[in-house]
Amino acid sequence: MEKFTTLKSTAIPLNIENVDTDQIIPARFLKATDKKGFGDNVFRDWRYNKDESVNSEFILNDSRYSGSILIAGNNFGCGSSREHAAWALVGHGFKVIVSSFFADIFKGNALNNGLLPVQVSESYLKKLMTTVKNNPKEEVIVNLESQTISLGGTTSENFEIDPYKKTCLINGYDDIDYLLSKKELIEAFEVSSVK
């Protein structure tokens with residue numbers, strides 16, 4: 001995984017609540033077991049019309065908005081536990097998802113795939129959403145080390161993250177990489193427990 005410390009990026013405001021994993025990546029695209037290609041179909045049924053033409057009204061198709069931060073409505077990632085939803089978001093280029101609430105399984109899947117779910121208060125989410133919607137060039141700064149998110153370096157809010165997952169993201173570790181980073185300690189413990 002890529003190391004994550006601080007991200008400064010424009011953002012895409014997806015002002016929709018209760019976005020479930022089937023909306024993030026529809027079930028018909030779940031046949032593959034490799035992560036590659038899932039980003040092409042993220043929000044597929046919203047990005048395209050039934051005749052496969054581009055839905056120009058959907059925010060991801062609005063050329064004014066871009067960036068690796070998705071600001072979403074409340075209750076993001078609900079529904080089934082498919083890890084493919086995290087794969088699709090990462091494959092599309094998102095590094096951070098901001099919401100006032102995440103489904104627990106989605107949050108775990110996101111963190112395991114290098115995608116940082118930043119949970120903020122409803123009032124701060126509204127401020128982020130409004131500011132970015134009105135000014136697509138506004139930059140959002142996410143600092144994982146200090147666990148803060150801010151708008152253009154001005155108004156900010158702290159967010160919580162599991163300390164173990166924070167360590168993994170900062171170092172670019174998955175669970176196995178983390179264990180390997182402790183190899184010397186594990187070997188020393190083995191030696192000491194044999195005596």
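How many helices and strands does the secondary structure of the chain come to? I counted 8 helices and 8 strands, taking helices (H or I, at least four residues) and strands (E, at least two) as DSSP runs numbered from the N terminus.

I noted that this is a predicted model, in which local features need pLDDT of at least 70, side-chain atom pairs count only at pLDDT 80 or more, and totals for chains, interfaces and linings use all residues. Residues are numbered from 1 along each chain as its sequence is written, and side-chain values use heavy atoms, without hydrogens and water.

**Overall form.** Along the principal axes, the C-alpha atoms fill a box of roughly 70 × 45 × 25 Å.

For contacts (heavy atoms within 4.5 Å) between residues at least 6 apart in sequence, 64% join residues at least 24 apart.

**Helix α4.** I then examined α4, residues 104-112, where Phe 106, Asn 109, Ala 110 and Leu 111 are buried. Their cover includes α1 (21-24), α3 (84-92), β5 (116-119) and α6 (163-171). Just after α4, I recorded a positive phi of about 80° at Gly 114.

Conventions
Buried means under 20% relative accessible area, exposed over 50%, partly exposed in between (1.4 Å probe, protein chains only).
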